[in-house]
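Below is a short briefing on a single protein model. Please read it alongside the sequence and the coordinates.

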Amino acid sequence: MWFEILPGAVIITTLLSVPIYAMYGLDKLTIGNAFRRNMDERFSRVMYQRDFRLTDNPYKMNGLEQIPDEEEKKEEKDPNEDNDDPALAKKREKERKLREKQLQKEEKLREKQLREEEKQRKN
């Protein structure tokens, strides 16, 4: 009878739907987001790269507010960065981060010393 094909149809349908639902979990594990962006066309790939460059998260919605203005770019530019050498730029970036860390450590140390002085004054 016609209903004899139902078990086979259910099995085939189930097996064909497993990869679709498995990709949800695999994407969640591998890229941290359950949905991938479509990269079939060049424009989509360019937008993915743009979003990744601007916010380090291509799945976050980005608008015009994420793109810095020309004035901000000029202010952010270091006058010492006349050279376009990527190795030199990386070195300067590391030095800047190191200086920031040192300043933060010094600030924490000053705060700690001030707290200790206040405790001594109270006693």
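In which helix is Asp27 found? Asp27 sits in helix α1, where helices are DSSP runs of H or I with at least four residues, numbered from the N terminus, and strands are runs of E with at least two. This is a predicted model, in which local features need pLDDT of at least 70, side-chain atom pairs count only at pLDDT 80 or more, and totals for chains, interfaces and linings use all residues. Residues are numbered from 1 along each chain as its sequence is written, and side-chain values use heavy atoms, with hydrogens and water left out.

**Overall architecture**
- The protein has four helices and zero strands, in the order α-α-α-α along the sequence.
- Of the 123 residues, 6% are buried (under 20% relative accessible area; exposed is over 50% and partly exposed lies in between, with a 1.4 Å probe and protein chains only).
- Contacts are heavy atoms within 4.5 Å; among those between residues at least 6 apart in sequence, 9% join residues at least 24 apart.
- The accessible surface is about 11,900 Å², and carbon and sulfur atoms account for 56% of this surface (Shrake-Rupley method, 1.4 Å probe; for residues, only the protein chains shown count as cover).

**Confidence**
- Mean pLDDT, the predictor's confidence in each residue from 0 to 100, is 82 for the protein, and 89% of the residues score at least 70.
- Among the elements, helix α3 (residues 70-76) has the lowest mean pLDDT, 64, while α1 has the highest, 90.

**Asp27**
- Asp27 counts as buried because its relative accessible area is 5%.
- Leaving aside residues up to four places away in sequence, Asp27 touches Gly32, Asn33, Ala34 and Arg36.

- Met1 lies in the segment before α1 (6-31), and Met1 counts as exposed because its relative accessibility is 68%.
- Met1, Trp2, Phe3, Ile5 and Leu6 make a nonpolar surface patch of about 650 Å².
- Patch residues have over 30% relative accessible area and no salt bridge; nonpolar side chains (Val, Leu, Ile, Met, Phe, Trp, Tyr) are joined within 5 Å, and like charges within 9 Å.
- A salt bridge is a side-chain nitrogen of Lys or Arg within 4 Å of a carboxyl oxygen of Asp or Glu.

**Aromatic pair**
- The count is one aromatic pair.
- Trp2 and Phe3 form an edge-to-face pair, 6.0 Å centre to centre with 85° between the planes.
- Rings of Phe, Tyr and Trp (its six-membered ring) pair if their centres lie within 6.5 Å; planes under 30 degrees apart are stacked, over 60 edge-to-face, and the rest tilted.
- Trp2 is exposed at 66% relative accessibility, and Phe3 is partly exposed at 45%.
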